[in-house]
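Please look over the sequence and the model below before reading on. The report that follows moves from a question about two residues to the chain as a whole.

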Amino acid sequence: MASGWGPRAGSWTSSHASWNASFGGQGTGSGPLSGPWYSTHKAQLLGVLLAAASNFLISVSLNIQKCAHLRLVCQAEQKPYYRSKLWWCGIILLGLGEVGNFTAYGFAPITLVAPLGCVSVIGSAFISVFFLKKTMRTADILGGTLTITGIYLLVTFAPNVPQELTARQVQNYLVSWPFLVYSILEIIIFCILLYFYKRKAVKHILVLLMMVALLASMTVIAVKAVSSMIALSVKGKMQLTYSVFYIMSVLMATSCAFQIKFLNQAMHLYEATAVVPINFAFFTTSAIISGVIFYQEFQSAAFLNVFMFLFGCLLSSLGVFITARNKKEEHLHIPFIDCGHIPGQKLTGKIQPDYHSSCYGTLNKEDDSVKRQN
């Protein structure tokens with residue numbers, strides 16, 4: 001009896017230990033959720049979850065704002081969008097999403113957080129089906145599948161580097177010769193593009209979005225430095241007394257402001273279906289390059305890891321392109337208001353909201369249907 005129970009007990013103990021090792025319990029296994037693996041990648045996993053959740057929250061907020069604008073247009077009494085509670089709800093969610101993205105840079109590499117911006121693009125395509133009653137397209141399903149596959153490869157083969165950056169480490173990175181050469185080349189290219197933009201009035205979409213990408217590379221470098229120093233300070237290792245913290249904060253705010261300026265110019269001149277995929281591809285490329293050069297995030301990575309990571313970036317970009325391609329732009333149909341009872345105005349006079357301000361303006365062109373009626 002005893003001899004029969006002994007082997008079974010030993011077998012059960014061995015199986016239990018193996019189960020624990022595979023699912024994060026105490027053991028010596030090397031499974032994907034084992035104790036040593038989790039302790040090594042815990043901070044990076046937190047950054048990934050923060051980035052993905054924040055980008056999804058941003059996509060929800062954008063759809064809520066769009067829904068608020070559509071509701072205001074349908075109301076009989078027009079009022080400014082900033083008086084809508086639904087619009088403010090979207091703005092609050094947008095702010096929370098951006099704060100989450102900022103925090104994610106303190107826990108995960110730039111080369112991993114930046115490509116996860118595709119979650120916002122793909123999420124917006126699917127959420128719009130519920131908020132804006134849009135039709136789910138085959139391209140949306142294909143693009144979403146490619147993007148999810150790309151995200152899986154990004155998370156699996158992302159570089160595993162220490163994310164606690166002290167102020168002294170940031171100072172050393174700033175004076176390293178690879179970054180100095182990179183920053184000089186970037187400044188020269190940006191000045192050339194700015195010359196053609198300002199002096200030659202060249203406002204091609206590639207010129208505008210290349211300037212956005214060059215500024216974005218500096219933005220992500222500064223964001224990661226500031227986020228990491230704040231995270232260390234919260235843990236008790238004060239980093240806010242170093243001057244480099246304020247230098248990087250100014251760089252972050254300045255580059256972000258000009259980045260928004262040129263991106264808004266591109267959105268004004270071109271359709272969002274063209275701007276979104278190109279901007280995502282340029283931004284991801286510039287962020288990866290800046291992470292590799294400034295923070296040396298792929299310094300000890302194997303060739304297979306680098307190749308699969310870049311392949312994941314390619315799949316994500318392709319998914320964004322397929323989702324945004326051939327998507328029709330919706331324009332709000334704002335009805336005209338009859339001015340026949342306004343003194344000094346003819347029956348054919350029309351007033352419509354000015355898209356660039358909250359006031360109303362008159363149109364000189366008469367509506368063809370009104371002409372036929374008269």
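## A question to begin with

Are Phe 179 and Phe 294 buried or exposed? In this predicted model, Phe 179 is buried, and Phe 294 is buried as well. For Phe 294 the relative accessibility is 0%, so this residue counts as buried.

## The chain as a whole

The chain contains 13 helices and 3 strands, and 40% of its 374 residues count as buried. Among contacts with a separation of 6 or more, 73% are between residues 24 or more positions apart. The chain exposes about 21800 Å², of which carbon and sulfur atoms supply 66%.

## The nonpolar cores

The largest nonpolar core has 48 residues, and the members that touch the most others are Tyr 105, Met 248, Tyr 295 and Phe 309. Helix H9, residues 205-234, gives this core its largest share, with 8 residues. Apart from this core lies another of 14 residues, among them Phe 190 and Val 275.

Leaving aside residues up to four places away in sequence, Tyr 295 touches several residues, including Ile 110, Leu 165, Tyr 173 and Ile 221.

## Aromatic pairs

The whole structure holds 10 aromatic pairs. In one of them, the ring centres of Tyr 173 and Phe 294 lie 5.6 Å apart with the planes at 55°, so the pair is tilted; this pair links helix H7 (residues 167-174) with helix H11 (residues 272-294), across 121 residues.

The rings of Phe 179 and Phe 294 have centres 4.7 Å apart and planes at 80°, so this pair is edge-to-face, and it connects helix H8 (residues 177-198) with helix H11. Tyr 173, Phe 179, Phe 294 and Tyr 295 together form one aromatic cluster.

Conventions
Residues are numbered from 1 along each chain as its sequence is written. This is a predicted model: local features need pLDDT of at least 70, side-chain atom pairs count only at pLDDT 80 or more; totals for chains, interfaces and linings use all residues. Side-chain values use heavy atoms; hydrogens and water are left out. Helices (H or I, at least four residues) and strands (E, at least two) are DSSP runs, numbered from the N terminus. Buried means under 20% relative accessible area, exposed over 50%, partly exposed in between (1.4 Å probe, protein chains only). Contact means heavy atoms within 4.5 Å. Accessible areas come from the Shrake-Rupley method with a 1.4 Å probe; for residues, only the protein chains shown count as cover. A nonpolar core is a set of buried Ala, Val, Leu, Ile, Met, Phe, Trp, Tyr and Cys residues joined through side-chain atoms within 4.5 Å. Rings of Phe, Tyr and Trp (its six-membered ring) pair if their centres lie within 6.5 Å; planes under 30 degrees apart count as stacked, over 60 as edge-to-face and the rest as tilted.
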